Amino acid sequence: MEKEQIRKYGLELGVDAVGFVALEDYKSPKSPDPKSYLPKAKSIVVLAHRMIDGALDSKNPRFNIAGRMAVMDTSKSHLYLMARFIEGRTGKKTSPVLSSYPLDMEAPTLGLVGDISLRHAAVASGLGVFGRHNLVIHPRFGSRLSFTGLLTELPLASDEPLKEDLCNNCGLCVEACPGKALEAEGRTEELKCLKASQPFGIPGLYGYLRKFIGKTPEEQQAILKDPKLMSLYQASFIGFQYTCFNCIAVCPIGEMC
Ligand code: B12
Ligand code: SF4
Ligand code: SF4
């Protein structure tokens, strides 16, 4: 099956951009070997979906996360359809790589490394380049993209990587980061980002639970009335809830809607 048939099918479904990387060109030093999940894997098809500008730029965190959830759900459906398309026409096993979760929460990576690094796959498939914010910038859509992928046994040649540097080094992303997670070039300080962008994630849950230790039953009753508990409960069934998208939102590269 030709790459262009897969790309055409994806674009017809509503995927914004499709890229291809042969496994030998995918290099993500911290990530596991993709063959440990799919022994005969040969390549990765990378799908890029544009984020929704209104949701991203809203000052209401529920609108921000609603936009991200909509992208995640849509891209998940597209992965299913594209996996069926490839498997049905070629008989080659194809495995979806979701946008973020589930993640391996065990040591040593503790939920900080994906099974496939979609940024490294996106860069190697010519969909974009790393910017100062350590996110991938696409020539047309800028940083406002979510990535998913398909690990497949189908051998597909890599698309040509981009040569130009799209980041203008304006530093807006570094300034706008509430967690000061982008101070060191080429590295995101994960825990600082997590603390600032996921108040109802694991550090938030630990913080809440820690408040209980050594407290009297009356104090514990009062802690149970903290509205933060409701937000933690909500996050537990919605999934991870980011309240910060600043490094994406302030980046001036690319088109708006
Ligand atoms: C775990 C994770 C996180 C963790 C850890 C981040 C991290 N250090 O990788 C936390 C929770 C902190 C996080 C935060 C965010 N994430 Co996140 N995250 C992931 C996830 C699930 C896995 C990433 C991974 O495997 N990292 C570990 C390895 C691969 O990273 P690494 O080798 O250390 O590489 C790092 C640096 O060395 C640097 N780097 C590597 N090579 C190069 C080369 C150059 C030239 C440069 C400049 C930098 C650079 O980039 C990496 C960033 O630290 C991916 C989805 C996926 N499966 O890929 C999404 C993903 C990377 N996240 C994404 C986003 C959008 C975010 C947030 C904006 C949160 C939000 N509101 O949505 C922030 C942005 C943080 C930032 N500016 O870096 C998007 C990125 C989209 C894009 N346009 O690039 C992804 C791809 C999810 C998706 N499907 O779209 N994330
Ligand atoms: S998501 Fe927010 S806290 Fe995390 S790196 Fe980007 S701007 Fe900083
Ligand atoms: S905001 Fe400026 S420095 Fe940051 S990634 Fe975008 S162009 Fe580069």
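**Overall picture**

I began with burial: 31% of the 257 residues of the protein count as buried (20 or more other C-beta atoms within 10 Å of a residue's own; exposed is 12 or fewer, partly exposed in between, with C-beta atoms placed from the backbone). Mind that this is a predicted model, where local features need pLDDT of at least 70 and side-chain atom pairs count only at pLDDT 80 or more, while totals for chains, interfaces and linings use all residues. Residues are numbered from 1 along each chain as its sequence is written, and chains are lettered from A and ligands numbered from 1 in the order in which they are written.

I then went through the secondary structure and found ten helices and six strands (DSSP runs numbered from the N terminus, H or I of at least four residues for helices, E of at least two for strands). The radius of gyration is 20 Å, close to the 18 Å of the globule rule for 257 residues, so the protein is as compact as a globular protein of that length (taken over C-alpha atoms; the rule is 2.2 Å times the number of residues to the power 0.38). Along the principal axes, the C-alpha atoms fill a box of roughly 65 × 40 × 30 Å.

For contacts (C-beta atoms, placed from the backbone, within 7 Å), I looked at those with a separation of 6 or more: 73% of them join residues 24 or more positions apart.

**Domains**

I have domain 1 at 3-167 and domain 2 at 173-238, with bounds from an automatic or database domain assignment. Their C-alpha centres lie 28 Å apart. Four residues of domain 1 are in contact with six of domain 2. The domain 1 side of that meeting has one nonpolar, two polar and one charged residues (nonpolar is Ala, Val, Leu, Ile, Met, Phe, Trp, Tyr, Cys and Pro; charged is Asp, Glu, Lys and Arg; the others, Gly among them, are polar).

**Core**

The largest nonpolar core has 48 residues, and Ile44, Val45 and Leu150 are among those with the most contacts inside it (a core is a set of buried Ala, Val, Leu, Ile, Met, Phe, Trp, Tyr and Cys residues joined through C-beta atoms within 7 Å). Elements giving it two or more residues include strand E2 (43-50), helix H3 (61-90) and H6.

**Ligands**

I counted 37 residues around ligand 1, with Ser99, Gly114, Leu135, Thr188 and Tyr242 the closest (near means a C-beta atom, placed from the backbone, within 6 Å). Helix H6 (190-197) is one of the elements giving two or more residues to that shell, and its four residues are the largest share. By class I get 18 nonpolar, 14 polar and five charged.

Around ligand 2 there are 13 residues, the nearest being Cys177, Cys193, Cys244, Asn246 and Cys247. H6 gives the most here as well, with three residues. This shell has nine nonpolar, four polar and no charged residues.

Ligand 3 has 13 residues around it, and Gly131, Cys167, Cys170, Cys173 and Cys251 come nearest. They divide into seven nonpolar, five polar and one charged.

Definitions and conventions. Two residues are in contact if their C-beta atoms, placed from the backbone, lie within 7 Å.
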